[in-house]
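Here is a short report on how one protein model is held together. It covers helix packing, cores, salt bridges and a few backbone details.

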Amino acid sequence: MTDTQTLTLAEIEDLSFHALVAAGTSEENARPLAQATAATEADGVASHGLAYIPIYCEHVQCGKVDGLAVPVLSRPKPGVVAVDAATGFAHSAIDTGFEALIPAAREQGVAVLAIKNSYNCGVLGYHTYRLAQAGLVGLGFTNAPASIAPSGGSKPVVGTNPFSIAAPGPDGEPALLIDQSASTIAKSEVMKHAREGKPIPVGWALDADGNPTTDPEVGLKGSMAPSGGYKGVGVALMVELMAAALTGASLGINASPFSGTVGGPPKTGQFFIAIDPSATTSSGFETGVAELVGAIRVQEAAHLPGDGRSAKRQIARKSGVAVSKATLDKISKFL
C-alpha cells in the first residue's frame, strides 16, 4: 500500500480552499492561500504546502489567525502602500497591497509595501515571483517568531527571517529568483522531520545550550542554526528591521509561534520593494541580467537558485503531485 496519493494542482487548491472555509475562513481569504499552497506543492516545497493546511485551520479555530479578517489599506505617502492585516492571513493582505503597489511602482519607478499585524506568508519567493511577472524587480522580507540566537548566545532573538529577490525576464517569467532564510534550513523542515520521527542533519539546529543536535524535537526547543554563522544572524537582523521595525509589526521576540495553539496572533510583518527597471536604465537591465545568467548557464554543472523548483513545477503541471496520505487524513478532519 502506497503512503502517497497523486493530486493535480487544481485538486490541491480545491482541497485547501474547502478545508480553510470549513474551518471558518472566508472565501475571499481562503482562495489566495489555497492558490499559494498549490503553487508551493508544484515547486516541491512540501514543508510549506498542504502540510500547513491543518495548522492554518487549527489556528483559525483557536484564534491565532482571524479567518474573517479584512485587510485595511492606506497610502501614507505617494510611494508607500501600507496594509494592516488585522491579524488575518498574510496572503490576503499581500494581495490587497499588490493591487496598489504594482501600479505605484510603474508610475513612480519604485514603491514599497509595509504590512503589519500579519501571519506566516508561506514561501516568500511565491510573492516576489508575482512582482517579477508584472515586469518589476521584487524584493521581499518577512519576519518570524524568534528561533535564532545571536552570535555567542543561546537564547533566540530573531526568526529564520527569509528574504527574496526576483528579476523579470523577457518571457514574462522571472529571469532570476532568490529565496532564502537566515537559517541553514527553514524551521518548517525541522518541524516536518519531527512529525515524521526522522533525525535532522548536523548543522540544522542547536540544543538549548547552543550545541549541534540531530534530534528535531531538541532543536525545536533550542534554536535554529544561522546560515554562515554570524553572517546569517546579520541577515536575520536586517530582515527584522525591514519587516518588523519598518512596518510596526511585532518583533520576533514578542511574536507567538507559527506552530501549536499557544499564544494569540503573532502579528508579524512583511515588507516589499517593487522597482521598475526601465526607470533606472533604458535598456541595460535585460542585457545585464541575461549576461549574468548566461555566465552561469554556460558552465555544465552550474545552476541558478530556483532551478530545482522550476523543473519540479513543469512536472507537477503535467503529472500532478504525490501527497502524503497522513497529511490528507489530517486535512479531512476539517472537512
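The axes of α2 and helix α4 (residues 90–108) come within 8 Å of each other and cross at roughly 95°. Axes here are lines fitted to C-alpha atoms, for helices over the stretch in contact, and angles run from 0 to 180 degrees between N-to-C directions. That makes α2 roughly perpendicular to α4. Angles of 65 to 115 degrees count as roughly perpendicular, under 35 as roughly parallel, over 145 as roughly antiparallel, and the rest as oblique. On the α2 side, the contact is made by E28, N29, P32, L33 and A36; on the α4 side, by H91, S92 and D95. Contact means heavy atoms within 4.5 Å. The residues of this contact divide into 3 nonpolar, 3 polar and 2 charged. Ala, Val, Leu, Ile, Met, Phe, Trp, Tyr, Cys and Pro count as nonpolar, Asp, Glu, Lys and Arg as charged, and the others, Gly among them, as polar.

The model is predicted: local features need pLDDT of at least 70, side-chain atom pairs count only at pLDDT 80 or more, and totals for chains, interfaces and linings use all residues. Residues are numbered from 1 along each chain as its sequence is written, and side-chain values use heavy atoms, with hydrogens and water left out. Helices (H or I, at least four residues) and strands (E, at least two) are DSSP runs, numbered from the N terminus.

**Cores**

The largest nonpolar core has 31 residues. Such a core is a set of buried Ala, Val, Leu, Ile, Met, Phe, Trp, Tyr and Cys residues joined through side-chain atoms within 4.5 Å. Buried means under 20% relative accessible area, exposed over 50%, and partly exposed in between (1.4 Å probe, protein chains only). L20, L50, I53, Y56 and F89 have the most contacts inside this core. Two or more residues each come from α1 (9–22), α2, α3, β12 (321–324) and α11 (325–332). Take L20. Leaving aside its neighbours within four places in sequence, L20 is in contact with T25, A30, L33, A34, I53, Y56, C57 and F89. Another core lies apart from the largest one. This other core has 22 residues, among them V81, I94, I102 and L124.

**Salt bridges**

How many salt bridges does the structure hold? There are 7. A salt bridge is a side-chain nitrogen of Lys or Arg within 4 Å of a carboxyl oxygen of Asp or Glu. Three of them are listed here.

| Pair | N to O distance |
|---|---|
| D43 and R313 | 2.7 Å |
| K198 and E196 | 3.4 Å |
| D307 and R297 | 2.6 Å |

D43 and R313 meet in a salt bridge. D43 lies in the loop between α2 (27–42) and α3 (53–62), and R313 in helix α10 (residues 307–319), so the pair ties together parts that are 270 residues apart in sequence. D43 is buried at 15% relative accessible area. R313 is buried too, at 11%.

D307 forms a salt bridge with R297. D307 sits in helix α10 and R297 in helix α9 (residues 284–297), so this pair ties together parts that are 10 residues apart in sequence. D307 is partly exposed at 21%, and R297 is partly exposed at 46%.

K198 is partly exposed at 43%, as is E196 at 39%. K192, E196 and K198 are linked in a network of salt bridges.

**Helix α6 and its end**

Helix α6 spans residues 187–196. Its buried residues are S188, V190, M191, H193 and A194. What covers them includes α7 (216–221) and β10 (223–224). Just after α6, G197 takes a positive phi of about 70°.

**Positive phi elsewhere**

Most residues other than glycine have a negative phi. N117 has a positive phi near 55°. N117 lies in strand β4 (residues 110–118) and is buried at 19%. N161 also has a positive phi, near 30°. N161 is found in the loop between β5 (137–142) and β6 (163–168). Is N161 buried or exposed? N161 is buried, at 0% relative accessibility.

**A buried threonine**

T128 sits in helix α5 (residues 124–133). T128 is buried, with a relative accessible area of 0%. Leaving aside its neighbours within four places in sequence, T128 is in contact with G138, L139, G140, S164, A166, L177 and F272.
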